[in-house]
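The report below then goes through it part by part.

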Amino acid sequence: RGAAPRTEYAVTAGGREGVGPELLATVGTWCAANGVSPEGLRVQRRSLEDVFLELTGRDLR
């Protein structure tokens, strides 16, 4: 039997408020409602490259 494929979810917070308790509670509620049991949680800011890709739809290279 093979291992289950790894699935990752990304949540983007808009505005200056960033990630706060309300967003984390919403993510936890969504996970419970969808049968998702997260193995980890990482909070990070988007890079300049992430923003460029979002705005232009293409890589820097």
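This is a predicted model: local features need pLDDT of at least 70, side-chain atom pairs count only at pLDDT 80 or more; totals for chains, interfaces and linings use all residues.

**Overall make-up**

The protein contains two helices and zero strands. Of its 61 residues, 2% are buried, where buried stands for a relative accessible area under 20%. The accessible surface of the protein amounts to about 6200 Å², and carbon and sulfur atoms account for 51% of that surface.

**Helix α1**

Helix α1 runs over residues 21-33. From its first C-alpha to its last, this helix of 13 residues reaches 18 Å, which is close to the 18 Å expected at 1.5 Å a residue. Just after α1 comes Gly-35, a residue that takes a positive phi of about 65 degrees.

**The aromatic pair**

How many aromatic pairs does the count come to? The count comes to one aromatic pair. This pair is formed by Tyr-9 and Trp-30, whose rings lie 5.2 Å apart from centre to centre, with 65 degrees between their planes. Since planes over 60 degrees apart count as edge-to-face, the pair of Tyr-9 and Trp-30 is described as edge-to-face. Tyr-9 belongs to the segment before α1, whereas Trp-30 sits in helix α1 itself, so the pair ties together parts that are 21 residues apart in sequence.

**The surface patch**

Val-19, Leu-24, Leu-41 and Val-43 together make a nonpolar surface patch of about 380 Å². One of these residues, Leu-24, has its place in helix α1, the helix that also holds Trp-30.

**A residue after α2**

Where is Arg-58 placed? Arg-58 lies in the segment after α2, a helix that spans residues 48-56. When its neighbours within four places in sequence are left aside, Arg-58 is in contact with Phe-52 and Leu-53.

**Accessibility of the residues discussed**

| Residue | Relative accessible area | Class |
|---|---|---|
| Tyr-9 | 55% | exposed |
| Trp-30 | 40% | partly exposed |
| Arg-58 | 54% | exposed |

Technical notes
Residues are numbered from 1 along each chain as its sequence is written. Side-chain values use heavy atoms; hydrogens and water are left out. Patches are made of residues with over 30% relative accessible area and no salt bridge: like charges are joined within 9 Å, nonpolar side chains (Val, Leu, Ile, Met, Phe, Trp, Tyr) within 5 Å. Accessible areas come from the Shrake-Rupley method with a 1.4 Å probe; for residues, only the protein chains shown count as cover. A salt bridge is a side-chain nitrogen of Lys or Arg within 4 Å of a carboxyl oxygen of Asp or Glu. Helices (H or I, at least four residues) and strands (E, at least two) are DSSP runs, numbered from the N terminus. The expected span of a helix is 1.5 Å times one less than its number of residues. Rings of Phe, Tyr and Trp (its six-membered ring) pair if their centres lie within 6.5 Å; planes under 30 degrees apart count as stacked, over 60 as edge-to-face and the rest as tilted. Buried means under 20% relative accessible area, exposed over 50%, partly exposed in between (1.4 Å probe, protein chains only). Contact means heavy atoms within 4.5 Å.
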